[in-house]
Amino acid sequence: MIITWYTCAMRTPRATRPRLLAACLAAGALLLTACSGHPRPQGAAPVPTGPAPSATATASPTPTARPTGAADPALKPFYGQQITWAGCPDDPRAKKTDTSAMQCGKLHVPLDYAHPEADAIDVALLRLPAAKPEQRIGSLVVNPGGPGESGVDMVLFGADRFKGALHDRFDVVGFDPRGVGGSAPVNCLDDKDRDALNSTDEPQDPQARQADRAKRAADFAAACQARSGKLLPFVGTRNTARDLDVMREALGDRKLNYLGISYGTYLGSLYAEEFPANTGRLVLDGAVDPAADKLDQSVNQAAGFEKSLERFAVDCVRNHADDCPLGNSPDQAAKKAADFLDGLREHPLTAKDGRRLTSDLGWTGAISYLYGDETTAWQQLRWSLGWAMARGKGDFLLASADNYNGRDDKGHYTTLEDAGRAIRCADSAPPAPSAERIQQVLGQLHEQAPLVSKGTSAEDYSTPSCAAWPYRTTETPHAVRAEGSAPILVVGTTGDPATPYAAAESLAKGFASATLLTREGEGHGAFGKDNGCIDAALEAYLVNGVPPAAGTRCAR
């Protein structure tokens, strides 16, 4: 499995392939954030290309150089808007979902906050009104991560996660960030090209792989420029944070109450930095550290998945011998799984639909399960590996990879991967590191994640994945202090492979006012993991404004 993961830290590892890694990558880096942060419908429907920015905002005074929110005269038409809520349109994916209480709407925001009179876009919203309106506190805005994940889908398919006091007291509001889903989506590759990219293993020769990646990165950037060029400079997270403040005002909330998971913690951090006085109760779960060095971050993430794979494999052998395909040696179990997934390069499996389970897709499917906890997700991984290793059938691993990649059973893709790359390049595009730095990182990577990083070489770091991008960002890693914000709640999980626990510790320490809540266990994020201690702490903070005591730890 050849990785090369470096750059920001947003989505999950695209298994072996840096160029597909849904995280902040540069040179094919693996950085992530929220793959399994919320329920995703099996077989996501294709998202329409949607209108590009439409110039519908009325001409207004020239804004300040740095938009200041509602106080900026040029932005008042946006802050003063009223959202029209109506029943949500029929969604074929939601046939088994009760949507009767849900409402959909659109938020009008500037494409470019520096020139709001030029073009505007619509942000898709879905609201689940408070179950007890007489006790309503306000809105709870949620983001599931990615970048590229749909907040509309998070509420549409995960409403049960908010049952109880959160649903009783809040209007739960999901939204698709700009460039995603129903919000002026970025579109680059068609379904056929995306299938070809996802199902083709990279060359094993380092020089050939380097050339292959450079060509694919250039082709991808050209495709994005051709189809969505007008959007690309404006899909960065800082602009989405500004959209959040417009949303807060349009929802009628004096302060923003927010739950962000994985990449959603980065969005929440930038919101607190931009609008500290407007922060209400912010929960940042599965933290991305905005100050982290991207190469160090990628090593930590690779090590996180390596450890998670090892713990899964040991549990498989010791506690589930009846359905574990990894032999009877705890010390060799993880290697056996990795060897099988690597071996798919030479011996791919054929699924019922005739598609092949390649090594890249096999790793993607396996790692996707590691976002979950040690009960359901690990059980599914045991079965999927057993089905593939013992029976030669790759259907379940392939289905897991498809779900992770945003592909439905008809071969249609959502905007997840296109939007994710565009947002990552708008947020962070570090240059290629020096030869000395590359050797340092390779040493750490091979020491801490030998199975996950097998085959990674210096050439994999030589061409950042955003090098050919038509837009150059000015964003750089930095600590977010957010002086003047309300107390923020950061949540970290000790066995989180995608955003390792140390990032939550660092993020909490960086804020002027924050508390760290710890979940002891496996998987990415703590929200929705059926941990009574975590649920009670989140409810006390969001509903009553009472953060947990410093040092609170919630056991499995």
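Y541 counts as buried because its relative accessibility is 2%, where buried means under 20% relative accessible area, exposed over 50% and partly exposed in between, computed with a 1.4 Å probe on protein chains only. The model is predicted, so that local features need pLDDT of at least 70 and side-chain atom pairs count only at pLDDT 80 or more, while totals for chains, interfaces and linings use all residues. Residues are numbered from 1 along each chain as its sequence is written, and side-chain values use heavy atoms, with hydrogens and water left out.

Y541 is placed in helix 16; helices (H or I, at least four residues) and strands (E, at least two) are DSSP runs, numbered from the N terminus. When neighbours within four places in sequence are left aside, Y541 is in contact with G280, R281, L282, V283, P487, I488, L489, V546 and P547, contact meaning heavy atoms within 4.5 Å.

The protein as a whole has 16 helices and 12 strands, and 60% of its 556 residues count as buried. Among contacts between residues at least 6 apart in sequence, 75% join residues at least 24 apart.

An open sheet of 10 strands has the order 1-2-3-5-4-6-7-10-11-12, and its pairing is mixed; two strands pair if DSSP finds at least two bridges between them. Strand 1 (86-87) and strand 12 stand at the edges with a single partner strand each, so one side of each is left without a neighbour in the sheet. Strand 3 (residues 120-128) and strand 5 (residues 170-175) run antiparallel and are joined by four bridges, with L126 standing opposite G174 in strand 5.

Strand 10 (residues 488-495) and strand 11, by contrast, run parallel and are joined by seven bridges, and I488 stands opposite A514 in strand 11. Strand 11 (residues 514-522) is mostly covered, since seven of its nine residues are buried. Together with helix 15 (residues 501-510), strand 10 and strand 11 make a right-handed β-α-β unit, a crossover being right-handed if, with the strands pointing away from the viewer, the path from the first strand over the helix to the second runs clockwise. Strand 11 is also joined to strand 12 (residues 553-554) by two bridges, and these strands run parallel, with R553 of strand 12 as the bridge partner of T518. From strand 11 the chain crosses through helix 16 (residues 532-544) to strand 12, and this β-α-β crossover is left-handed.

Helix packing was also examined. The axes of helix 9 (residues 330-343) and helix 10 (residues 359-369) come within 7 Å and cross at roughly 140°, where axes are lines fitted to C-alpha atoms, for helices over the stretch in contact, and angles run from 0 to 180 degrees between N-to-C directions. A338, L341 and D342 of helix 9 make this contact with S359, G362, W363 and A366 of helix 10.

R355 lies in the loop between strand 8 (349-350) and strand 9 (356-357), and counts as buried because its relative accessibility is 18%. Beyond its neighbours within four places in sequence, R355 is in contact with D195, L349, T350, L398, D402 and R407. The side chains of R355 and D402 make a polar contact at 2.8 Å, that is, a pair of N or O atoms within 3.5 Å, of which, within protein, one must be able to donate a hydrogen and the other to accept it, residues adjacent in sequence counting only if both atoms are side-chain atoms.
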